[in-house]
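I opened this notebook to look up ring pairs, charges over rings and the ligand site. The entries follow in that order.

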Amino acid sequence: MHRVESYVAGAWHRPPGDGRPVLDAATGRTVAELAPAGLDLAAAAEHGRAVGGPALRELTFHQRAAILRNVGKLLLADDTKEHLYSLSYCTGATRADSWIDIEGGAGVLLSYADKARRELPNSTVAVDGATEALSRDGSFSAVHILTQRKGVEVQINAFNLPVWGMLAKFAPAFIAGVPSIVKPASPAAYLAEAAVRIIAESGLLPEGSLQLVCAEPAELDSLLDCLGGQDSIAFTGSAATAAALRAHPAVTARAARLNVEADSLNAAVLAPAAAPGTAEFDLFTAEVVKEMTVKAGQKCTAIRRALVPAGCLDAAAEALASGLGGVAVGDPRDDATAMGPLVGLAQRDEVSASVLALREAADLIVDSCDLSRVDVAAGAFMAPTLLRATDPHSSVIHETEAFGPVATLMPYGSIAEAVELVAAGGGSLVASLYGADQGEIADLALGIASHHGRVLIMDSSMAAASTGHGSPLPPLAHGGPGRAGGGEEMGGMRGVYAHMQRTAVQGSPDALTAVTGEHIAGSSTREHKGHPFKLTFDDLEVGDSITTGSRTVTRADIAAFAESTGDRFYAHMDDEAAARSPIFNGLVAHGYLVLSFAAGLFVWPDEGPVLANYGIDRLRFAKPTYPGDEIHVVLTCKRKRKVDGRGYGEVAWDTKVVNQHGEVNAAYDVLTMVANAPGVDGAPEARSDG
Ligand code: NAP
């Protein structure tokens, strides 16, 4: 019998003592054995800090992203993912359920790899926001930088999504440069273990960046006891366990950061105008049925409360009963099965007890299905269970989380009442709204936003493209206020920054340039004798600069530009109207004409390292340009981003168009792609013909 092991300090550890069986959710067969880890878990934290952290800090964001991408691809390879699917069936998950967990989890890695490449510099430090000028003479400024904390992240995960739950937390921590120690929930620990084994055996990750502790909760104290201000705990699970962690001295006395994702009684609301017969009514009933039955309702985002206008209650009950009646419950390995069992018999007992509690304020509408094909004594099967509230304001309905295929239907009389009922859940991860009357939808969305981390608005125009109520997506923050734990995970770069320390660094522009690796306004430049556009990416340095020659902007230029582009805005055409404007003192040049003349002044015309201009950032027309003004350009290499293996890098040029009085007319960053030196990192070799 396979005994679930821990992966600590680069080695697998088999628990020494007596084990207890973990049963297949459908058949009751023993799948694996669990036993106390019997390890000093402080060693995992020490290894993460001493080995994983330094190894990660050696790598830039882009290098970490490349590794993450390879791990994602590894998990999606046919043989690896099929191995995970075969184990996932044992947890009661159907193939479709497991897709969310396994391929969805690998997808989060790919998504983070992609975002990090596009949104972070190829560096170990990120700059957060613009430079703050702190003195009139420009000699004293500040920037906010983000650097990785020198601790570990301890994940304590729920049983329902053993792979996705782990990878969705691992990806942003890894990109940030923080090692992870994962404690999976016992009922599905063997699946998390299999995924970590695949990753560890691949050798793709720097040593110490991912460890696994399959331990009893009581053993975790040896790990939590050594956490402090550089460390974090990311918890997903019940509110009761969250409360115990919130009170732990690691959090209360030593300021380890705690992120909690806990119980959530998510709602779906049918808007008043979405009557039976509308597309939105059908979308509502289909989504409630789907959310009750995917993963047998064991999803933190599942719909637990379905709110409909009082006049639609009977029609909604009938449509939901009909939808649930078509759900085939059975062994997840059977292709005909739409909903598998719960993760285990204990979980079924817990959900049944919650249904009993809910019946204080609700009647059963649906609670049976055809279970003739399965062994109900051995497997944790349960029929989808729909209740109808007899008292929609009863707190039982809004506070009892039945973590299974259970939802309560309830009527509301007005939008204000719907908002009140949704808020009675005390804060949720997600709510979905169904309706095409945008006024009603806006009132509902703004009314409930304070109590939600995410709101999905469903109508027929986007239904086919929608990822649905239950899908947390890597670019969007996942988490919710109040009862849902008050935590936040993922959310693109927000999730990465949560693992980093934001530091306001104050000093001279030159000092700030040295710290950030980016040219900070006011810092020293190196004026080039030639033209910096003739330098390759490798030869170019941040601060390389050129001041161009000048040209005068004439009335004829403005008239010709208006003629050729068709932009005949009055301020460029009519002296008197322009003079009446509160903004201008008379006829002005088009801003785009100024940009075009600027390009004419700074562009080096011949074939050379600058391959393309792919955009402009932060453009501001700071002062109007009048006929007769003489403009020149100061162009400075502001930021370089290496792009591995493409033969070029990205260069942002701080660009200022300046008039004869020394005033800045326009300021912006020109974004270019600049070739590497010949033969370097994918660039073509130098041509032999010279
Ligand atoms: P749980 O009993 O709270 O367990 C969650 C994790 O905490 C497990 O790994 C568990 O280990 C561990 N744990 C238990 N007691 C602990 C303690 N005293 N100290 C430290 N760790 C401890 O929750 P669950 O039953 O696995 O999961 C179901 C719950 O999770 C539901 O309430 C659901 O709403 C919630 N959930 C929330 C989200 C979200 O994102 N908001 C996502 C999924 C699930 P063992 O398994 O070894 O006991």
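**Entry 1: ring pairs**

I looked up Tyr7 and found it buried, at 10% relative accessible area. Buried means under 20%, exposed over 50% and partly exposed in between, with a 1.4 Å probe and protein chains only. This is a predicted model, where local features need pLDDT of at least 70, side-chain atom pairs count only at pLDDT 80 or more, and totals for chains, interfaces and linings use all residues. Residues are numbered from 1 along each chain as its sequence is written, and side-chain values use heavy atoms, with hydrogens and water left out.

I then counted aromatic pairs and noted eight in the structure. Tyr7 and Trp12 form a tilted pair, because their ring centres are 4.9 Å apart and their planes stand at 40°. My rule: rings of Phe, Tyr and Trp (its six-membered ring) pair if their centres lie within 6.5 Å; planes under 30 degrees apart are stacked, over 60 edge-to-face, and the rest tilted. Trp12 is partly exposed, with 24% relative accessibility.

Next I checked Phe569 and Tyr570. Their ring centres are 4.8 Å apart and their planes are at 55°, so this pair is tilted. Phe569 is partly exposed at 44%. Tyr570 is partly exposed at 35%.

I also noted a cluster. Ring pairs link Phe533, Phe602 and Trp653.

**Entry 2: charges over rings**

Which ring lies under the charged end of Arg95? I found that of Tyr85, with its centre 3.7 Å away. A charge sits over a ring if NZ of Lys or CZ of Arg is within 6 Å of the ring centre and within 35 degrees of the ring normal. Arg551 has its charged end over the ring of Phe597, 3.6 Å from the centre.

**Entry 3: the ligand**

How many residues surround the ligand? I noted 25, and the closest are Asn157, Ser186, Ser238, Thr241 and Glu401.

I looked at ligand oxygen atoms next. One is 2.4 Å from an N or O atom in the side chain of Glu401. For the side chain of Lys183, the distance from a ligand oxygen to an N or O atom is 2.9 Å. For the side chain of Asp263, I noted 2.9 Å as well.

Last, I checked cover. On its own the ligand has 900 Å² of accessible area (Shrake-Rupley method, 1.4 Å probe). The protein covers 82% of that area.

Terms used:
Near = heavy atom within 4 Å. Polar contact = N/O pair within 3.5 Å; in protein donor to acceptor, adjacent residues only side chain to side chain.
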